[in-house]
Structure formats: C-alpha cells, structure tokens
Amino acid sequence: WKEEGNKAFAGGEYGEAVRCYSEAIRLDPSNATLLSNRSLALLNGGEAARALTDADAAVALDPHWGKLYGRKGAAHLAMGD
C-alpha cells in the first residue's frame with residue numbers, strides 16, 4: 001500500500017494517497033514513515049488538523065526523526081497557529 005500511496009501522492013491525488021497510506025497503517029500501525037507520509041498527503045489535501053494528528057503520532061513512535069517536527073510545524077502553520 002505504501003508504494004501505491006507514493007504513486008498517488010506524486011500524481012497529486014492526495015485523497016487516494018491518504019486512502020492507501022491508511023491501509024498500510026492499518027497493517028503496520030507502529031510505522032512512523034507511513035504516518036509521516038499520510039500527514040503530508042493530508043496537509044497537501046487541506047486537512048491540516050488531521051495532518052497534525054498523524055505528525056504527533058509519528059513523533060511519539062520516533063522522537064529522534066527530525067523531519068517529523070517539520071511536519072508538525074507545517075500543520076501548525078497551515079492552521080494559523
């Protein structure tokens with residue numbers, strides 16, 4: 001599902017990317033990369049609050065991965081925080 005999500009994302013199909021990443025997360029809920037990818041797809045699809053939720057969950061799984069804090073910041077910025 002991750003590869004399908006990546007293809008959809010690359011094609012600008014953010015809703016489809018979210019759907020694919022969601023399926024992948026259902027199968028591997030402790031995968032911070034999947035949560036990060038879905039967070040970005042949500043953000044690009046205009047769903048900043050949901051993007052922040054995924055970014056927070058990813059940080060909880062992998063607090064040493066700096067990119068995740070960028071995801072959180074981008075979500076906060078999009079929400080006007």
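In this report, buried means under 20% relative accessible area, exposed means over 50%, and partly exposed lies in between, with a 1.4 Å probe and protein chains only. Helices (H or I, at least four residues) and strands (E, at least two) are DSSP runs, numbered from the N terminus. The structure is a predicted model, in which local features need pLDDT of at least 70, side-chain atom pairs count only at pLDDT 80 or more, and totals for chains, interfaces and linings use all residues. Residues are numbered from 1 along each chain as its sequence is written, and side-chain values use heavy atoms, with hydrogens and water left out.

On one side of H4, Thr53 and Ala60 are exposed. The buried residues of this helix are Ala48, Ala51, Leu52, Asp54, Ala55, Ala58 and Val59. Seen down the axis of H4, these buried residues fall within an arc of 165 degrees, so they line one face of the helix. The arc is that of the directions from the helix axis to the C-beta atoms. An α-helix has 3.6 residues a turn, so residues three or four places apart point the same way.

H3 and H5 are included in what covers the buried residues of H4. The axes of H4 and H5 (residues 67-78) come within 9 Å and cross at roughly 160 degrees. Axes here are lines fitted to C-alpha atoms, for helices over the stretch in contact, and angles run from 0 to 180 degrees between N-to-C directions. H4 and H5 are therefore roughly antiparallel to each other; angles under 35 degrees count as roughly parallel, over 145 as roughly antiparallel, 65 to 115 as roughly perpendicular and the rest as oblique. Their crossing is left-handed, a term used if the near helix is turned anticlockwise from the far one by less than a right angle, with right-handed used if clockwise. The contact (heavy atoms within 4.5 Å) is made by residues of H4 including Leu52, Ala55 and Val59, and by residues of H5 including Leu68, Tyr69 and His76.

His76 lies in helix H5 and counts as partly exposed, at 30% relative accessibility. Leaving aside residues up to four places away in sequence, His76 touches Leu52 and Asp81.

Helix H2 covers residues 14-27, and its 14 residues should span 20 Å at 1.5 Å a residue, which agrees with the 20 Å between its end C-alpha atoms. The expected span is 1.5 Å times one less than the number of residues. H4 also has 14 residues, and reaches 20 Å from its first C-alpha to its last, close to the expected 20 Å.

The buried residues of H2 are Ala17, Val18, Cys20, Tyr21, Ala24 and Ile25. They cover an arc of only 170 degrees around the axis, which puts them on the same side of H2. The face turned away from that side carries the exposed residues Gly15, Arg26 and Leu27. The buried residues of H2 pack against helix H1 (2-10), helix H3 (32-44) and helix H4 (48-61). Arg19, also in H2, counts as partly exposed at 41% relative accessibility.

The axes of H1 and H2 come within 8 Å and cross at roughly 165 degrees. That makes H1 roughly antiparallel to H2. The crossing of these two helices is left-handed. Among the residues that make the contact are Gly5 and Phe9 of H1, and Ala17, Cys20 and Tyr21 of H2.

Gly5 is found in helix H1 and is buried, with a relative accessible area of 0%. Residues up to four places away in sequence aside, Gly5 touches Ala17, Cys20 and Tyr21.

H1 and H3 pack at an angle of about 25 degrees, with their axes 11 Å apart. That makes H1 roughly parallel to H3. H1 passes H3 in a left-handed crossing. Lys2, Asn6 and Phe9 in H1 meet residues of H3 that include Leu34, Asn37 and Leu40. Asn37 is buried, with a relative accessible area of 17%, and touches Lys2, Asn6 and Tyr21, not counting residues up to four places away in sequence.

## Residue pairs along the chain

The table lists C-alpha separations.

| Residue pair | Separation in sequence | C-alpha distance |
|---|---|---|
| Gly5 and Cys20 | 15 residues | 4.8 Å |
| His76 and Leu52 | 24 residues | 7.2 Å |
| Arg19 and Trp1 | 18 residues | 9.0 Å |
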